[in-house]
Amino acid sequence: MARLDGDGPIGVAVSGGGDSVALLYALAAWNKRPLEVFCVDHGLNPLSPQWTQSVADHAARVGAGFTALYWQGEKPATGLSAAARLARHRLLAVAAREKGVSVLCLAHTADDIAEAQAMRAQGSNVGAPKAWAPSPVWPEGHDVFLYRPFLDVRREALRDYLRGLEVTWIDDPANDSPHSLRARTRKYLREKPLVAQASEAEPPLAAAQWQALLHLPETFGPSGMIAFNAEAFDALPRETALKRLATAAVCAGGGDKLPGRDKVEGLLENLTSVRPLNLAGARIARRNDVITFCREAGDIGRNRPASCSLNGTDEVVWDGRFLVRSSQAGEIVASGRVRGDLSEADRAWLLTLPADLRGTQPAFVPAAQKDNQNKCLLTNPALRQNAYKAIMTRCLVGSRLRAALGLITTESAVIGAKSDCVFTPINGV
């Protein structure tokens, strides 16, 4: 539990099955932090309300908080498992933040790793569970990490643990469905001893190598720019370089899906070009000794809304890149749409940014505006001082990149990543 070095509540996802119920009781026996239990009812089995109630009973037994979550709406006719997984992670991430939870514990085991390896050998693209990873959904999963403490434990050992406690669990019949590749693989491996296999993950870069690669000028960090040291990037193995390009492009572009390998390979081959290139909503340029990744201004609004509204009581993520919380009602738009209406100070600060960034910043348009003077830029750091803090803005690009690269390794680091904010006064409102 070394990664759990915070002091707030810990989240645990419990389905009612043996693995997750064992995780709940193990965390309760650890007894160092308050527990918040989350149970997702996918609505796919008529018995699911009973399963959810069983989880509520377990939570009550160990004195943990409990929240039931429901996947509502029409279910897809194909790709149901993948859709259910995506919906589950979205529900869990939102609920975790609402409860002040930064780390959500999941009960994957050594058997899950073996099953994933066997499924990939049969052509599946299923990923192997990692002990520590950011939530796989964006932007709902920002600032939420997944922790799997049982990856070196066999599934049957957890059931033996529950038998010793005289605790029951539920066996989902879907786990034995012959129509499911995972179920067929699980049946095949059930009686086989697990054989240690070489890790399929790329070797981690040393801290010194990351420090050499990342070139993040503090001036531009809150504005959503990512920068790599070109010499350090050129020294990376090809596969690592491809992954880093894709990751940085998605983070700078604010999207939720990695680009196809062919597109990333094309970018790598043409990265020496003097002209900027576009990938996953990001604009990538190599100039001298720096490779920069910025949001492509012309792409804003193409694959997600170009603006979003604030009602004065909520928070929103705009364009997948900026978290904004406001006590004033209004609309967030790209700075390129209202640049002429911004204050002289805001326009002057935009000129200090690289040209590719100037039209991609979040700007606030108050709902009750009487004139254009109330429109303001939300990333101007000069407004930190002597200001009535009406709007809090936090750029998520840097923390998302650090999470994706494995540089946020503990709960305290997750919490620390939330502190880089700009506070903006709204004059005349």
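## Salt bridges

Arg295, Asp299, Arg302, Arg304, Asp319 and Arg321 are linked in a network of salt bridges, a salt bridge being a side-chain nitrogen of Lys or Arg within 4 Å of a carboxyl oxygen of Asp or Glu. The model is a predicted one, in which local features need pLDDT of at least 70 and side-chain atom pairs count only at pLDDT 80 or more, while totals for chains, interfaces and linings use all residues. Residues are numbered from 1 along each chain as its sequence is written, and side-chain values use heavy atoms, with hydrogens and water left out. By the salt-bridge rule the count comes to 24.

Asp111 counts as buried at 9% relative accessibility, whereas Arg154, with a relative accessible area of 31%, is partly exposed; buried means under 20% relative accessible area, exposed over 50%, and partly exposed in between, with a 1.4 Å probe and protein chains only.

The side chains of Arg261 and Glu239 also meet in a salt bridge, at 2.6 Å from N to O. Arg261 lies in helix 10 (residues 261–269) and Glu239 in helix 9, so the pair ties together parts that are 22 residues apart in sequence. Arg261 is partly exposed at 44%, and Glu239 is partly exposed at 40% relative accessibility. In the salt bridge of Glu315 with Arg325, the closest N and O atoms are 2.5 Å apart; Glu315 lies in strand 12 (residues 315–318) and Arg325 in strand 13 (residues 322–326), so this pair ties together parts that are 10 residues apart in sequence.

An open sheet of 6 strands has the order 3-2-1-4-6-5, and its pairing is mixed, where two strands are taken to pair if DSSP finds at least two bridges between them. Strand 3 (65–70) and strand 5 stand at the edges with a single partner strand each, so one side of each is left without a neighbour in the sheet. The twist averages 30° from one strand to the next.

Strand 5 and strand 6 run antiparallel and are joined by 3 bridges, with Phe145 in strand 6 as the bridge partner of Pro134. Helix 1 (residues 18–30) lies across strand 1 (10–13), strand 2 (35–41) and strand 4 (103–105), and runs at about 160° to strand 1; axes here are lines fitted to C-alpha atoms, for helices over the stretch in contact, and angles run from 0 to 180 degrees between N-to-C directions.

Another open sheet is formed by 4 strands in the order 7-10-9-8, with antiparallel pairing. Strand 7 and strand 8 are at its edges, each with a single partner strand, so one side of each is left without a neighbour in the sheet. Neighbouring strands of this sheet are turned by 25° against each other on average, direction ignored.

Strand 8 (residues 277–279) is joined to strand 9 (residues 282–287) by 3 bridges; Leu277 stands opposite Ile284 in strand 9, and Leu279 stands opposite Ala282 in strand 9. The hairpin of these two strands has 2 residues between the strands, and Ala280 takes a positive phi near 55° there. Between strand 9 and strand 10 (residues 290–295), which run antiparallel, there are 6 bridges, and the bridge partner of Ala282 in strand 10 is Arg295. In the hairpin of strand 9 and strand 10, which has 2 residues between the strands, Asn288 takes a positive phi near 60°.

Apart from its neighbours within four places in sequence, Phe233 is in contact (heavy atoms within 4.5 Å) with residues including Leu213, Phe228, Leu245 and Ile291.

Helix 13 (residues 397–404) is mostly covered, with 6 of its 8 residues buried. Its buried residues, among them Val397, Arg400 and Leu401, pack against strand 5 (132–134), strand 6 (145–147), strand 7 (226–229), helix 9 (238–253) and strand 17 (391–395). Helix 13 is followed by Gly406, whose phi is positive, near 80°.
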